[in-house]
Amino acid sequence: MTKPGSAGRDAGHDAGYDYDVAVCGASLAGSAAAILLARSGVRVALLERRSDPDAYKVLCTHSVTANAYPVLDELGLVPALEKAGAVRNHARWYTRWGWIAPRASAAGPELPYAYNVRRSVLDPLIRSRAEQTPGVDLLLGHHVTGLVRGAGGRTVGLRASTPQGEREIRARLVVGADGKDSAVAKLAGVAERQYENTRFGYLAHFRNLPLHGGIGQTWFLEPDMAYAFPNDDGVTVLAVLPDKKRLPAFREDVEESFHAFVRALPEAPPIDSAERITKIIGTVNYPLHSRKPTAPGIALIGDAALTGDPLWGVGCGWALESAQWLTEAVATAAAGRGDLDRSLAAYARKHRRRLRGHQFMAVDFAKARPFNPVERLVFSAAARDESVARHMHLFAQRLIGPLRFLNPVMLAKASAVNIRHRGASASASASAPPYGADGR
Ligand SMILES: Cc1cc2nc3c(=O)[nH]c(=O)nc-3n(C[C@H](O)[C@H](O)[C@H](O)COP(=O)(O)OP(=O)(O)OC[C@H]3O[C@@H](n4cnc5c(N)ncnc54)[C@H](O)[C@@H]3O)c2cc1C
C-alpha cells in the first residue's frame with residue numbers, strides 16, 4: 001500500500017524534486033495517468049485523500065464509452081474487466097420517432113464498445129494496478145491542501161494533510177485529477193467557466209431487472225431523460241434526469257416519484273418486480289465545468305479539466321483518455337528530458353481540440369430544451385435507417401466529434417432518409433400524418 005518516499009529523492013534524479021510528477025486524486029484519471037507515466041520512466045507520487053484502497057465514486061452510472069477501450073487495453077485492464085463480468089455497453093435509445101437501435105452491418109465487425117461496470121469494481125481495480133506499477137507510490141490518506149510555489153510563482157509541488165501530519169512533496173509537474181471540485185485547480189487559480197444544468201438526477205441499483213435485448217436503454221423524452229444499463233454481477237443501474245421544474249413535486253416523495261417516473265417510460269423496465277439493492281441517491285445541482293487544462297507546472301485531467309453533463313455518460317471515458325493524452329504529451333519532459341511548458345501546451349491544445357465541441361453541445365442540451373431542428377433531423381433519421389443509427393452510435397461512444405457527427409454529407413443523408421420515409425408513409429396511408437424532412 002503506502003510506501004512513503006520509496007521512489008523519493010534518490011541518486012541520479014534532480015535533487016530538487018521528490019518525484020517527477022505528483023498526481024492529486026487516485027480515481028480513474030489519476031490512476032490511469034500514474035500507470036502510463038510510470039511506464040514511460042516517470043517517477044510518480046499518486047495522492048488520494050481517502051484511506052480505503054477500495055473506495056469508489058458512488059454518484060455515477062458507470063457506463064464507459066468506447067473511446068476509452070484503447071486506454072483500458074493499454075492499461076491491461078480488459079481481461080480483468082471481462083472476468084469481473086463487465087457488460088459490453090451496447091444500447092438503444094427511445095425517441096418520439098421510435099427506437100434507435102444501432103447494430104453492426106451484416107458483413108461488418110461488432111460495433112465498437114467499452115463496458116458497463118460498477119465503480120465498486122472499476123475504481124479499486126485501476127487503483128491497485130497503479131499501486132503495483134513500478135515507479136508509482138500510491139499515497140492513501142493524503143489530502144492535498146496546498147501547492148508549493150517556486151520562482152515566478154510556478155508550481156513545484158504540493159502539500160498534503162496525512163494522518164501522520166502535514167507533508168510537502170516537490171515535483172516537476174503537479175497533476176490535478178481530483179474531480180469536478182478540483183482543489184488543485186482552485187489552489188492554482190485556474191480560469192474556469194461554469195454552465196447551468198437545468199436537469200436533476202437520481203439513480204439506484206437493482207437486481208432482477210431485465211432490460212429489452214439485455215442491453216442498455218436511454219429515453220430521450222424532451223426534455224426529461226432516463227437510462228438503464230446492465231452491469232456486472234446481474235446488477236442494473238437505473239437513472240432518471242428530469243427537468244428541474246419537476247423537482248419540488250419529485251422531492252415530496254423521492255422513492256415514489258422515482259418509481260412512478262420509471263413506470264411511465266415507454267417499454268418500461270419492470271421496476272415493481274425488481275429488487276432495489278442501493279439507496280436512491282442523486283444530485284439536484286450539477287453544473288458543467290470547463291477549465292483551462294494547464295498552468296505553469298500544472299496539468300488537469302478528467303473532471304478536474306472538464307465536467308460534462310452526467311446524462312451523456314462520458315466523463316469516465318474522458319478521464320481515461322485525457323490521462324493518455326497527457327502522458328503522450330509530457331512523459332519525456334516530465335522525466336526531465338525536454339521542455340515541459342511546450343509539452344503542456346501540446347496537451348492543452350489536444351484537450352481543447354478533442355473536447356471543446358462536445359462540451360459546447362452538452363452545455364446547450366443541459367438547458368433542458370426539446371430537440372433543435374438539426375437534432376430532430378438526425379435522431380428521426382437514425383430511428384429509421386441503420387447506417388444513420390450506426391453513425392449516432394459512433395458519436396454516443398465519443399469515437400467521433402460533433403463536426404463529423406453533423407457533417408454535411410450526414411445531414412443530406414438524414415434528409416433523404418426522412419423524405420423517403422415520408423413518401424413511404426404517404427403511399428401506405430393517405431391519412432397518415434405528414435413528416436417533414438426535419439423529422440416532424
Ligand atoms: C449522476 C452521475 C452519473 C454519471 N454517470 C456516468 C456514466 O454513466 N458514464 C461516465 O463515463 N461518466 C459518468 N459520470 C461522470 C463520472 O463519474 C466522472 O466523469 C468520472 O468519475 C471522472 O473521473 P475523475 O478520475 O476525473 O474524477 P473522480 O472520479 O471524481 O475522482 C477524483 C478523485 O480525487 C480525489 N480527491 C479529490 N480532492 C482531493 C484532494 N484535495 N486531495 C487528494 N485527493 C483528492 C477523490 O477522493 C477522488 O478519488 C457520472 C456523473 C454523475 C454525477
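Analyst: Pro 223 sits in the loop between β13 (216–220) and β14 (225–230) (helices are DSSP runs of H or I with at least four residues, strands runs of E with at least two, numbered from the N terminus). Most peptide bonds are trans, and most residues other than glycine have a negative phi.

A quick note on the basis: this is a predicted model, with local features needing pLDDT of at least 70, side-chain atom pairs counted only at pLDDT 80 or more, and totals for chains, interfaces and linings using all residues. Residues are numbered from 1 along each chain as its sequence is written, and side-chain values use heavy atoms, with hydrogens and water left out.

Now for phi. Ala 368, in the loop between α9 (340–365) and α10 (373–384), isn't a glycine, yet its phi is positive at about 50°. Ala 368 is also buried, at 10% relative accessible area (buried is under 20%, exposed over 50%, partly exposed in between, using a 1.4 Å probe and protein chains only). Arg 398 has a positive phi too, near 60°. You'll find Arg 398 in the loop between α11 (386–396) and α12 (402–405), buried with a relative accessible area of 7%.

Ser 182 belongs to the loop between β10 (165–176) and α5 (183–188). Its relative accessible area is 0%, so Ser 182 counts as buried. The Ser 182 side chain makes a polar contact of 2.7 Å with the side chain of Asp 178 (a pair of N or O atoms within 3.5 Å; within protein, one must be able to donate a hydrogen and the other to accept it, and residues adjacent in sequence count only if both atoms are side-chain atoms).

Met 410, Ala 414, Val 417, Asn 418 and Ser 425 are its buried residues. Viewed down the axis of α13, they fall within an arc of 90°, so they line one face (the arc is that of the directions from the helix axis to the C-beta atoms). Exposed Pro 408, Val 409, Arg 420 and Ser 427 are on the face turned away from that buried side.

Last, the ligand. One of its oxygen atoms is 3.0 Å from a side-chain N or O atom of Lys 57, and a polar side-chain atom of Arg 119 is 2.9 Å from a ligand oxygen. Cys 316 uses a polar backbone atom instead, 2.7 Å from an oxygen of the ligand.
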